[in-house]
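Please look over the sequence and the model below before reading on. The report is meant for someone meeting this structure for the first time.

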Amino acid sequence: MDVMSQASPDQTAHPGGTGVGASPGEEPLLRLRGISKHFGAVQALYGVDLDLPKGQVTALCGDNGAGKSVLTKSIAGIHQVDEGEIWWEGRRVHIRNPKDSAALGIETVYQDLALADNLDIVQNMFLGRERLQRGLLDEDSMERAAKETLASLRVTTVRSIRQPVATLSGGQRQAVAVAKAVMWNSKLVMLDEPTAALGVAQTRMVLDLILRLKDHGLAVMVISHNLNDVFEVADRIAVLRLGRMVAQDSISAFDRQSVVDYMTTGVSSRAVKGPSADGGRN
Ligand SMILES: Nc1ncnc2c1ncn2[C@@H]1O[C@H](COP(=O)(O)OP(=O)(O)OP(=O)(O)O)[C@@H](O)[C@H]1O
Ligand SMILES: [Mg+2]
């Protein structure tokens, strides 16, 4: 596979660095080291380190313009990084485009969702990857798979999987986008502000879905400005400020005020157990 072609011959090799908050000794699914990205005169990311362990939800926090979406899009292959290393399951990889990212098992759910309004749920879930049988669309098999995936995520409020996505609520749309990620056997799902436009009940549904992705053993990265959501679903928190990773640790190392402190000033005197070895390194 192209993205693996540059894998290190020494598969146990690590980039130097102490696990940034992942359990010691366990290789995170995705490990970023020293990621930098600029757009013209704007430096969006400065030497960012990030670990995304499987079976855990990592919340990426930061003020407007901190670099959260640029970091997400770099992992998704929409942006190419200027510098830095990307390690996947312990191997060095290069993500040059969205195809490379998808081939690794990375799915991104963007705030605008990128669903096609005029298509129904099944058509959206299989868009670009339709199942064929003797040259014809295999509607039965696609419908079955879509139904099973939604059921496995306990998405029960959708009346018909043949209804156009335009007729769904915001939370249901989000559920379809997440289910699509699950159906394609993703290993990492990244959600950029999944609850920003949602009401209370819909937010509840999306948070439950995030917890179920984690139960399925996936690594989840969620961007949210809502600290209630963050503290409800996250196992780990990473805070970006002006393009630098200023704190990264398990959730127990933070309280709401310390996250706000890191987001706004880059430091906090309230850290519950103090930043991890390199949590404030950048
Ligand atoms: N395509 C681009 N071209 C030029 N500059 C960009 C581009 N995308 C992002 N930037 C800049 O990079 C910086 C980080 O932007 P980013 O979108 O990652 O912020 P964010 O943390 O996602 O903020 P928000 O919470 O508002 O979504 C900003 O200064 C932004 O203006
Ligand atoms: Mg953003």
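## Basis and overall make-up

This is a predicted model, in which local features need pLDDT of at least 70 and side-chain atom pairs count only at pLDDT 80 or more, while totals for chains, interfaces and linings use all residues. Residues are numbered from 1 along each chain as its sequence is written, and chains are lettered from A and ligands numbered from 1 in the order in which they are written.

The protein chain has 8 helices and 12 strands, where helices (H or I, at least four residues) and strands (E, at least two) are DSSP runs numbered from the N terminus. Of its 282 residues, 46% count as buried; a residue is buried if 20 or more other C-beta atoms lie within 10 Å of its own, exposed if 12 or fewer, and partly exposed in between, with C-beta atoms placed from the backbone. Among contacts between residues at least 6 apart in sequence, 68% join residues at least 24 apart, a contact being a pair whose C-beta atoms, placed from the backbone, lie within 7 Å.

## The antiparallel sheet

Four strands form an open sheet in the order β2-β1-β4-β5, with antiparallel pairing; two strands pair if DSSP finds at least two bridges between them. β2 and β5 (91-93) stand at the edges with a single partner strand each, so one side of each has no neighbour in the sheet. The twist averages 30° from one strand to the next.

Within this sheet, β1 (residues 30-39) and β4 (residues 83-88) run antiparallel and are joined by 5 bridges, and Arg-33 stands opposite Glu-85 in β4. Helix α1 lies across β1 and β2, running at about 65° to β2; axes are lines fitted to C-alpha atoms, for helices over the stretch in contact, and angles run from 0 to 180 degrees between N-to-C directions.

## Around ligand 1

The residues around ligand 1 include Phe-39, Val-42, Asn-64, Lys-68 and Ser-69, a residue being near a molecule if its C-beta atom, placed from the backbone, lies within 6 Å of it. Both β2 (42-52) and α1 (68-75) supply at least two residues of this shell, and α1 gives the most, with 3 residues.

Strand β6 (residues 106-109) pairs with β9 in the parallel sense over 4 bridges, with Glu-107 opposite Val-189 in β9. β9 also pairs in the parallel sense with β10 (residues 219-223), over 5 bridges, and here Met-190 stands opposite Met-221 in β10. The chain crosses from β9 through α6 to β10 in a right-handed β-α-β crossover, which means that, with the strands pointing away from the viewer, the path from the first strand over the helix to the second runs clockwise.

## Two residues with positive phi

Most residues other than glycine have a negative phi. Arg-134, although not a glycine, has a positive phi of about 50°; this residue lies in the loop between β7 (132-133) and β8 (136-137) and counts as exposed, with 5 C-beta neighbours inside 10 Å.

Glu-193 has a positive phi near 55° and lies in the loop between β9 (188-192) and α6 (200-215). With 18 other C-beta atoms within 10 Å, Glu-193 is partly exposed.

Technical notes: Contact = placed C-beta atoms within 7 Å.
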